Every structure is written in C-alpha cells, then in structure tokens.
Amino acid sequence: MSSSSSNSSGPLLGLSSAVTEGESFNMQPPSEPSRRNWIIACGAVGAGAAAAVAVPLLGSMAPSEKARSAGAPVEVDIADIPAGGVRIVEWRGKPVWIVRRTPEMLQGLEALNSQLADPNSDRADYPVPAYAKNVHRSIKPELLVTVGICTHLGCSPVSKFETGEPSGIAVDWPGGFFCPCHGSTFDIAGRVFANKPAPDNLEVPRHMYLSDSRIVIGQDEQGEA
Ligand code: FES
C-alpha cells in the first residue's frame, strides 16, 4: 500500500484518514483535539469495505493550521485504491470517500432510478457539479468522490457493498451505503432511496484529476469550492 503524499506546489495538501462509522459528524472543522480524536478513532468505512485503503495520517502530509482554516483543497494519490475499495480523506473537516467501483457495482444503477428520491441529482441543496450530474455521479464512472455525511442529521453512513441478504439490509439490496442513525439508504452512487429520512443525495464536492493517479478535492477547473 502506498500512501498519499503532499503536493509540491500551491496550497494543495495530501491527507488521508478514515472515519468513524455511524457517528454524528460535526459539519464544521473540528478543533485540533477533536480532529486528532477523529483520526485516531477511525476505522474502515464499513465491513463491506474491508479491502479499503484507509491509510494512517502521515506527519509529512499534515496540513498547516493556516491551510486547514482556509479549507485548502486536498490532493490525493488514488493509484492503489483496489477495485471495490475506498480511500477516505479529510477535507474541510469532512470525510470524503473515494470509491473505486467495479463494473458489477455500476451495472444496476440505471434500473434503480424509480426507487430513488432524486435519481438525476436535480435538487439544489447539495448541487452536483455538472461533470457529476450523471447516473454514476462522477467524472470517471468507476471512481465515486462523495462526502460521507448523511444529509439527514449528519451521521456518517457505513458502506454496505455486499448485495442481497448477506448485507443485512434487504434481500434485494443492490449495494451502497447505510446510515444507521435513522435508516437512510443510498445506492453506490450516493443517491438516497425514496421515503427515507435523508432528503438529499450525498454531496459530491468539486474535484478534478491531475492524472490517472492523482485527484484534487475542493477544486476543479472552475476554481475552489
Ligand atoms: S442522520 Fe442519517 S438517517 Fe438520520
């Protein structure tokens, strides 16, 4: 497993950490002690992401206090995220999931539309960048970049990538994310299922690719978020 590394220029910062499952998440950047606790308490995003690449925080990647307070974009090495795996990074105090989906994970997305609250990501509370306004909600179909905070009351959902009965969700569960706080479910593109407490799909932050193996979160060709 290789680790993310800091950028060589500008305010971009490489920072990888993991998130506590199902825990209420402060939407504001936490203070230094709470941030440290958050990082220490981290686990994989869920049992279904056992292969997830949740690398420890490396001192060399830690952003400066100034950059943190400015909410600087985060540069991430994604080369070693395995198929079906997740890397979790922190951006503006929020966990951002980068999921490398398999063709099998993607194949049923279109068929789910009728079961979803906002299948085309039309709602305005969490506007989706134009490049992610598609059925897979991403620039590259296989790579999902989304904020891992439930749009209901701010818990952090857990991954439930296994499908069907073994997931413990439903016999026809297609794979996705589950918020244990009040039972909201999201598909593998972060789209919320209808008639759930969460009103909106998971947020897709501005992001862009620097190369096939490096991504920036919090900034795109239009500027910073
Ligand atoms: S916080 Fe996720 S369902 Fe309530």
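What pattern does the protein follow when read along the sequence? Along the chain the pattern runs α-α-β-β-β-α-β-β-β-β-β-β-β-β, and the secondary structure comes to 3 helices and 11 strands. Helices (H or I, at least four residues) and strands (E, at least two) are DSSP runs, numbered from the N terminus.

The model is a predicted one, in which local features need pLDDT of at least 70, side-chain atom pairs count only at pLDDT 80 or more, and totals for chains, interfaces and linings use all residues. Residues are numbered from 1 along each chain as its sequence is written. The average pLDDT (the predictor's confidence in each residue, from 0 to 100) is 78, with 69% of the residues scoring at least 70. Over residues 1-62, pLDDT stays under 50. Where pLDDT is low, the predicted coordinates should not be read in detail.

Now to one of the sheets: an open one of 3 strands, with the order 5-6-7 and antiparallel pairing. Two strands pair if DSSP finds at least two bridges between them. Strand 5 (158-160) and strand 7 (185-187) sit at the edges with a single partner strand each, so one side of each has no neighbour in the sheet. From one strand to the next, the twist averages 30°. Strand 5 pairs with strand 6 (residues 176-178) over 3 bridges, in the antiparallel sense, and valine 158 stands opposite phenylalanine 178 in strand 6.

How values were computed:
Two residues are in contact if their C-beta atoms, placed from the backbone, lie within 7 Å. Axes are lines fitted to C-alpha atoms, for helices over the stretch in contact, and angles run from 0 to 180 degrees between N-to-C directions.
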